[in-house]
Amino acid sequence: MTPDAAERLIIALDLPDVPQAEELVARLGAAGRFYKIGYQLMPVGGIELARRLMEAGGKVFLDFKFHDIGATVERGVKSVRRLGGDFLTVHAEPDVLKGAVAGRGDDPRLKIIAVTVLTSLDQAALERAGITTKLEDLVLKRAEFAAEAGADGVVASAKEAEAIRARFADRLLIVTPGVRPAGAGADDQKRAATPAAAMRAGADYLVVGRPIVQAPDPAAAARSVIEEIRAARPS
Ligand code: C5P
């Protein structure tokens, strides 16, 4: 089923503890349909929070970015499968992806989303890490790994979404972080785009953290992103 605009907005619950995350969820109300839980909450009750959000009918993105030998990733994903969830991130390396897809098995809900190149990195940062491949080529190469392994989608910045969409059509879901509404600061995001530009570039889902979490009125901030999504992609 095609998700509606509100379901295409994934709000990153990047907060220090569960009570603050729950307070934000309550303030967001109907504007919050899909939540991302990552490292910050995971060790301090984030897993139980994910369970509660799902019990309340919400969708959950577990941003665990698994990266280990294939067999260990497979076992980890099998455990995530028991927990439940909608999206799970793993790094876009062939063995990691193979393990993750095996661990997911035929679960109809859990989608394996491959992290291509973090949106906080640019070409200079890649070079410092000893990677000389052009950033855009690296993203496409890693997207190729994801498609070949049978993963469901990729995380990629708006800047690369267009090329991924052109190469893989609807074969891969594109989940785009580094989204900054016009006028908002970029923080540490190096390849940022507005929600409308990210959707036009081909994103299926947007991940937004600080511009909503730190807004004086998070629900209003979320609603304005949802409006931009709807305008850019009516269905
Ligand atoms: O606050 P901001 O909108 O920058 O948050 C973006 C979220 O998306 C963060 O939780 C970050 O970890 C996550 N993310 C990202 N780039 C990736 C994968 C995940 O920014 N490639």
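This is a predicted model: local features need pLDDT of at least 70, side-chain atom pairs count only at pLDDT 80 or more; totals for chains, interfaces and linings use all residues.
Colleague: Which residues of helix 1 and helix 10 meet?

Modeller: Leu 24, Arg 27 and Leu 28 come from helix 1, and Pro 218, Ala 219 and Ala 222 from helix 10. By class, this contact has 5 nonpolar residues, no polar ones and 1 charged. Arg counts as charged, whereas Leu, Pro and Ala count as nonpolar.

Colleague: What makes helix 6 and helix 7 oblique?

Modeller: Helix 6 (residues 135–149) and helix 7 (residues 158–168) cross at roughly 40 degrees, and their axes come within 10 Å. Roughly parallel needs an angle under 35 degrees and roughly perpendicular starts at 65; helix 6 and helix 7 are therefore oblique. Their crossing is right-handed. Helix 6 contributes residues including Leu 135, Val 139 and Glu 144, while helix 7 contributes, among them, Glu 160, Ile 164 and Arg 167. The contact holds 8 nonpolar, no polar and 3 charged residues.

Colleague: At what angle do helix 3 and helix 4 pack?

Modeller: Helix 3 (residues 70–83) and helix 4 (residues 94–104) pack at about 35 degrees, with axes 7 Å apart. The crossing of this pair is right-handed. Gly 70 of helix 3 and Gly 99 and Gly 103 of helix 4 are among the contact residues. The count by class is 5 nonpolar, 3 polar and 5 charged.

Colleague: Where does UniProt place the feature "active site"?

Modeller: The unreviewed UniProt entry gives Asp 63, Lys 65 and Asp 68. Of these residues, Asp 63 and Lys 65 are included in the lining of the largest pocket.

Colleague: In which strand does Asp 63 lie?

Modeller: Asp 63 is in strand 3, which covers residues 59–66.

Note on methods
Residues are numbered from 1 along each chain as its sequence is written. Side-chain values use heavy atoms; hydrogens and water are left out. Contact means heavy atoms within 4.5 Å. Helices (H or I, at least four residues) and strands (E, at least two) are DSSP runs, numbered from the N terminus. UniProt positions are given in the numbering used here, feature names are shortened, and annotations may be inferred rather than shown by experiment. On a 1 Å grid over the protein atoms alone, a cavity is a set of points where a 1.4 Å probe fits but cannot get out, and a pocket is an open set with protein on both sides within 12 Å along at least five of seven lines; lining residues have an atom within 4 Å of a point. Axes are lines fitted to C-alpha atoms, for helices over the stretch in contact, and angles run from 0 to 180 degrees between N-to-C directions. Angles under 35 degrees count as roughly parallel, over 145 as roughly antiparallel, 65 to 115 as roughly perpendicular and the rest as oblique. A crossing is left-handed if the near helix is turned anticlockwise from the far one by less than a right angle, and right-handed if clockwise.
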